[in-house]
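User: I want to learn how to read helix packing and a nonpolar core. Please take me through one case.

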Amino acid sequence: MRSTSRVTTALATILFVSEAPAAEFATNPARTRALILETADRLGPDGTAHAVAEWAYEYGRHPETAAAHMRTCLQAVELASFEIPVPAPRAAVTR
């Protein structure tokens with residue numbers, strides 16, 4: 001069984017609610033990143049929570065297509081290979 005990180009799942013959920021057809025982003029990492037950024041901006045500060053709510057609603061309305069669409073979103077996010085900057089460790093200050 002494949003394990004998916006929480007970050008990948010969150011980004012895929014945001015992509016899922018972008019309302020873009022899978023053909024638009026499935027094989028285009030640059031478009032995947034752009035759609036995630038645009039959708040996150042649209043959703044605002046509580047974007048992930050709003051995305052999860054929209055995602056759950058769509059699963060309820062269209063269970064026959066939602067699972068396949070989410071798999072496509074997960075694969076697109078993995079293909080886009082997001083880089084998350086990690087701050088460098090700070091040097092200790094002595095006084």
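Analyst: Start with a definition. A nonpolar core is a set of buried Ala, Val, Leu, Ile, Met, Phe, Trp, Tyr and Cys residues joined through side-chain atoms within 4.5 Å. Buried means under 20% relative accessible area, exposed over 50%, and partly exposed in between, with a 1.4 Å probe and protein chains only. This is a predicted model, where local features need pLDDT of at least 70, side-chain atom pairs count only at pLDDT 80 or more, and totals for chains, interfaces and linings use all residues. Residues are numbered from 1 along each chain as its sequence is written, and side-chain values use heavy atoms, with hydrogens and water left out.

User: How many residues has the largest nonpolar core, and which have the most contacts inside it?

Analyst: In soluble globular proteins, nonpolar side chains tend to be buried together. Here the largest nonpolar core has 18 residues. Leu15, Phe25 and Cys73 have the most contacts inside it. Helix 1, helix 3 and helix 5 are the elements that give two or more residues to this core. Helix 5 gives the most, with six residues. Helices (H or I, at least four residues) are DSSP runs, numbered from the N terminus.

User: What is Phe25 in contact with, leaving aside its neighbours within four places in sequence?

Analyst: Contact means heavy atoms within 4.5 Å. With those neighbours left aside, the partners of Phe25 include Leu15, Leu35, His69 and Cys73.

User: At what angle do helix 1 and helix 5 pack?

Analyst: Two packed helices are described by the angle between their axes and the distance between the axes. Axes are lines fitted to C-alpha atoms, for helices over the stretch in contact, and angles run from 0 to 180 degrees between N-to-C directions. Helix 1 and helix 5 pack at about 120°, with their axes 8 Å apart. That makes helix 1 oblique to helix 5. Angles under 35 degrees count as roughly parallel, over 145 as roughly antiparallel, 65 to 115 as roughly perpendicular and the rest as oblique.

User: And helix 4 with helix 5: at what angle do they pack?

Analyst: The angle is about 135°, and the axes of helix 4 and helix 5 are 6 Å apart. Helix 4 is therefore oblique to helix 5. Trp55, Glu58, Tyr59, Gly60 and Arg61 of helix 4 meet Pro63, Ala66, Ala67 and Met70 of helix 5.

User: Is Thr13 buried or exposed?

Analyst: Thr13 lies in helix 1. Thr13 counts as buried because its relative accessibility is 6%. Leaving aside neighbours within four places in sequence, Thr13 is in contact with Ala51, Val52, Trp55 and Met70.
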